[in-house]
Each structure stands twice: as C-alpha cells, then as structure tokens.
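I set out to record what I looked up in this model, entry by entry.

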Amino acid sequence: MRHSRIVGIGHYVPEQVMTNADLESMMDTSDEWIRQRTGIEERRVVTKESTSDLGYQASLRAIENAGLEPKDIDLIVFATLSPDYYFPGCGPLLQDKLGVDTIPALDIRQQCSGFVYGLAVADQFIRTGAYDHVLLVGAEVQSKGLDYTTRGRDLAVIFGDGAGAVVLGPSDEPGVQSFHLHSQGKHYDMLWMEKPGSANKPIITPEDIQEGRHFPKMEGQTVFKHATRRFGEVIQEALKANDLSFDDIDMFFFHQANLRIVEALCKHLSIPAEKTFNNLSRYGNTTAASLPLCISEAVEAGRLKRGDLICPSAFGSGFTWASAIIRW
Ligand code: COA
C-alpha cells in the first residue's frame, strides 16, 4: 500500500526583530503584559518581503533537506491567511519563483490550521498516486496588516512573520498515519478580518479604513476558551483513532498561539514539558507557518529524530482545528 511521509523540512524568518520594548514605543502596552498573557518576547517582521517571498525561502530549504531539486516537485500546496494579493493565490506565485513550469499549485485558507489541512491534502494526492512529491508551505506576513496603535494592541502584539515548508513523498511505511480536521463557521467573527470582502458592497470604503475594519479583530477570551477545549479534543481524537496512549507519542507540537494555552493543555493532558517544543517567545503567532517553523527548529535542535511519533495540532480562525499523527 502506498503512503506519504515527510522527506524534507525547512524554515525561514525575516531578519528584523521587533521586541516588546519596540511595541511599547508604538502603543500603550508593556513587556510585562505581553509576556504574562502570551509568553511572547519578540517577533520577526519583514521590511519589504511578501508572503510568497518567505514561502520561497522556506521551500528552497525544505527541498534541499529532502535531497531534491525544485524540478522534482509535482504539486505545491500553499497555506496562508496573508496572501500577496486577494487573487491569484500564493501557490502560483511560488511556482513561478521556483521556476518549475507548469506544475499545479493550490492555496489553503484555513489560517492557523492551514498546515494540518494542507498535510491532509498532500497525503491524499500522494496516496492515490496522483503525485509523488508535494511541497507544502505555511507562510505569513502579518506585520504589514496589523494596527500598531493602541486600538489594535490586542492583536498587534501577538502576531509575527515567518515561513515553514515540508516536502512529502511516497513511502511503503505510513509517515502520515492519520489526520483529523474540523470547522465551525458560526464563530467566523470571533477572529477575522471583515474587509475587504464580497460580503460588503463596495468591498471596502474610505470610512471602513478610517474605522480600521481592514485590520484583524479578535474576541480574545472566547478564542482562548474554544482553543483550549478543541486542542484537547482533537489530540485525544487522533490518539484514539490510532489506538495510542499519550506515552506512545514522542513529541506533541502545538500551533504557537499563546504559551498560556499550551501550558494549560499540557497540565490538563499530563503532557511532560520534554515532549513539547515551543518557539513562540521568539516568533509570536505566525499562523499557518507556526507548526512547520516549530517542527523544523525542533529537528535542527536535535529534539526530533527519524522514527519518532509526533502529534501536531492547531486551532484558529474559522473556527478551524486539526491534528495528525505522523511517524517522522
Ligand atoms: N497591552 C496592554 N493591555 C492590553 C493589550 C496589550 N497589548 N491588549 C489588550 N489589553 C487590555 C485590554 O484592553 C483590557 O483592558 P481593560 O480591562 O481596561 O478593558 C485588558 O488588557 C484585558 O483584556 P483581555 O482581552 O480580557 O485580556 P486577556 O487576559 O483575555 O488576554 C489575550 C488577551 C489576547 C492574550 C488572550 O485573550 C488570548 O491569548 N486569547 C487567545 C488568542 C489566540 O490564541 N489567538 C489566536 C488563535 S489561533
């Protein structure tokens, strides 16, 4: 039977660091508030680069790590909530940057869960034999779209820019063992960017911009409550589907939304700290990039080794949430 496995991984973050002290000079906030509530100390921000630029750099690293060349990629799956343009998506832009004529490219719009959703898409295409090597990218440029004034402080302090990518290829042994995907659109406006969008006519007005409706908005406490509940559920769902216990998993990777969410979950589920890897303090929440960025750094740090069993999980806007079980 044909399965899929991750054969290469890489990440890329822009050089410029924005610290909590930098934010203090832009809005009414404090290093103490940000650290206490979120665990974030700094984040990366682009100067000029776009989301597809970051995705391109991460892709080159993942393809090299797989021992492949861009021409070996058969399909691009690009997860982002901050595309270069409203349309076309970042998938075709990345195809062009990689110089790989004329392979298919698609975009995933599942925000913080985008990487796990993309993993499921890639796995299906490989298992059916449609494609051999799928490049899955999670990349975000949040900083160009945030309100760095006191009005937008709840979100501006949380998000950062970055990218991570994996290459999936065919395998006789299961690498991706299962995935578990969910959505609940009734909470769409708990974490969203209202405008521009086709729900409005015109899609945006000068008044909308004045009122900041083109900036993301979040009901922080509601998101926090749903996130802790859904993370727990979807991790347990993954374990149950594979007849596994918490002890069987070598590493749990959480979408890096808020260190307090991760800590609450680990306490509730009795997951020891040595089975987790967090880089949120240095990058903030990088949405679709967060999981591949986290897993890639864990590989570099020697915390994740071939043969380990891992459980990545995510929750975010939509709401959407997801988990997977992967033999690394
Ligand atoms: N600096 C200082 N004060 C801030 C602030 C900031 N950056 N952002 C908000 N505040 C203020 C609020 O205005 C509020 O002030 P008030 O009491 O005078 O009205 C106070 O801090 C508390 O706000 P609240 O929103 O209740 O804080 P919180 O304890 O819920 O923490 C979050 C806010 C955003 C850190 C928290 O809700 C959270 O992490 N939610 C989940 C976020 C998440 O994971 N999102 C991504 C999902 S993928």
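**Entry 1: charged pairs**

I began with Arg2, which forms a salt bridge with Asp132; the closest N and O atoms are 2.8 Å apart. I then noted where the two residues sit: Arg2 lies in the segment before strand 1, Asp132 in the loop between helix 5 and strand 6, and the pair links distant parts of the chain, 130 residues apart. The model is a predicted one. Side chains of opposite charge can pair when their charged atoms come close.

**Entry 2: the two domains**

I looked up the domain assignment of the protein chain, which gives domain 1 as 3–173 and domain 2 as 178–327. Taken over C-alpha atoms, the centres of domain 1 and domain 2 are separated by 14 Å. To the contact, domain 1 supplies 52 residues and domain 2 supplies 50 residues.

I next asked how much area is buried between domain 1 and domain 2. The value is about 3,800 Å², of which carbon and sulfur atoms give 63%. In domain 1, the residues that lose the most area to domain 2 are His11, Cys112 and Val116, together 17% of what that side buries.

How many salt bridges does the rule find across the interface of domain 1 and domain 2? I found zero salt bridges there. For polar contact between domain 1 and domain 2, I recorded 19 residue pairs, both residues at pLDDT 80 or more.

I also listed the elements that give two or more residues to the side of domain 1 that touches domain 2; among them are strand 1 (3–12), helix 2 (31–38), helix 5 and strand 7 (162–171). Helix 5 gives the most to that side, with eight residues.

I turned to an open sheet of four strands, in the order 8-13-12-11, with mixed pairing. Strand 8 (176–183) and strand 11 (251–254) stand at the edges with a single partner strand each, so one side of each is left without a neighbour in the sheet. From one strand to the next, the twist averages 10°.

I examined the pairing of strand 11 with strand 12 (residues 309–316), which is in the parallel sense over four bridges. Phe254 has Ser313 in strand 12 as its bridge partner.

Lastly, I returned to helix 5 (residues 114–127), which packs on the sheet and touches strand 8, strand 12 and strand 13 (320–327). The direction of helix 5 makes about 130° with that of strand 8.

Definitions and conventions: Residues are numbered from 1 along each chain as its sequence is written. This is a predicted model: local features need pLDDT of at least 70, side-chain atom pairs count only at pLDDT 80 or more; totals for chains, interfaces and linings use all residues. Side-chain values use heavy atoms; hydrogens and water are left out. Two strands pair if DSSP finds at least two bridges between them. Axes are lines fitted to C-alpha atoms, for helices over the stretch in contact, and angles run from 0 to 180 degrees between N-to-C directions. Contact means heavy atoms within 4.5 Å. Domain bounds come from an automatic or database domain assignment. Buried area is the accessible area (1.4 Å probe) that two parts lose on being put together, summed over both. A salt bridge is a side-chain nitrogen of Lys or Arg within 4 Å of a carboxyl oxygen of Asp or Glu. A polar contact is a pair of N or O atoms within 3.5 Å; within protein, one must be able to donate a hydrogen and the other to accept it, and residues adjacent in sequence count only if both atoms are side-chain atoms.
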